[in-house]
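Colleague: I am new to this protein and would like to go through it with you. Could you show it to me, please?

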Amino acid sequence: MLDLKTVTLLARQMWMNQTKDMTLFAIQGWTLTTIESGGVRMTIVLKRKIMNEMMTTYLPSVLLMLITYATTFFKPYFFEAALSVNLTTMLVMTTIFMTVMQMLPATAYVKMIDIFLIFGQLYPFAEV
């Protein structure tokens, strides 16, 4: 029977059987190196899949902003309809903003997605 003191891990004799495709990330590369203490260090390089973010955040936001922009061409007679569209767009953009903020890590700096979604909220507000 072997215990931890008799087992030596060698990086060149180990391999990874994991597939390179995951739900939100894809494995770009990985390396195994032997460290001085007799252990093995594994370095994995991940790449984020952007299609999920495009379909759940950017596409709906852009479509909502286009609908809001279209209300600027309504005749004054349809002011109530334009107002309803803009307020509904603000509500939906706020919901998208809150959902995205819950998924992202909390940081002290402003991210580009924050700026994009805040603009998406301010535009219908300015239209009203």
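Predicted model: local features only at pLDDT ≥ 70, side-chain atom pairs only at ≥ 80, totals over all residues.

Colleague: Understood. Which exposed residues does the face of H3 turned away from its buried side carry?

Modeller: That face of H3 carries Met112 and Ala126, both of them exposed.

Colleague: And which residues of H3 are buried?

Modeller: The buried residues in H3 are Ile113, Asp114, Leu117, Gly120, Gln121 and Pro124. Seen down the axis of H3, these buried residues fall within an arc of 130°, so they line one face of the helix.

Colleague: What do the buried residues of H3 pack against?

Modeller: They pack against two helices, H1 (51-70) and H2 (79-103).

Colleague: How far apart are the end C-alpha atoms of H3?

Modeller: They are 23 Å apart. Helix H3 has 16 residues, 112-127, and at 1.5 Å a residue it should span 22 Å, so the two values agree.

Colleague: Let us step back. How many helices and strands are there in the protein?

Modeller: The protein has 3 helices and 2 strands. Read from the N terminus, the order of the elements is β-β-α-α-α.

Colleague: What share of the residues is buried?

Modeller: Of the 128 residues in the protein, 20% are buried. The protein exposes about 10,100 Å², and 68% of that comes from carbon and sulfur atoms.

Colleague: On the surface, which residues form a nonpolar patch?

Modeller: The patch is formed by Ile50, Met51, Met54, Met55, Leu59, Val62, Leu63 and Leu66, with about 750 Å² of accessible area together. One of these, Met51, is found in helix H1.

Colleague: Is methionine 51 buried or exposed?

Modeller: Methionine 51 has a relative accessible area of 54%. The cut-off for exposed is over 50%, so methionine 51 counts as exposed.

Colleague: Now to the strands. Where is leucine 46 found?

Modeller: Leucine 46 is found in strand E2, residues 40-48. Its relative accessibility is 46%, so leucine 46 counts as partly exposed.

Colleague: Leaving aside neighbours within four places in sequence, which residues is leucine 46 in contact with?

Modeller: Leucine 46 is then in contact with Met22, Phe25, Ala26, Ile27 and Gln28. Phenylalanine 25 lies 21 residues from leucine 46 along the chain, and their C-alpha atoms are separated by 6.1 Å.

Technical notes:
Residues numbered from 1 in each chain as written. Heavy atoms only, no water. Helix = DSSP H or I, 4+ residues; strand = E, 2+ residues; numbered from the N terminus. Expected span 1.5 Å × (residues − 1). Buried < 20%, exposed > 50% of the residue type's maximum accessible area, 1.4 Å probe, protein only. Arc of directions from axis to C-beta. Contact = heavy atoms within 4.5 Å. Patch = residues over 30% accessible without salt bridge, like charges linked within 9 Å, V, L, I, M, F, W, Y side chains within 5 Å. Areas by Shrake-Rupley, 256 points an atom, 1.4 Å probe, with all protein chains shown as cover. Salt bridge = Lys/Arg side-chain N within 4 Å of Asp/Glu carboxyl O.
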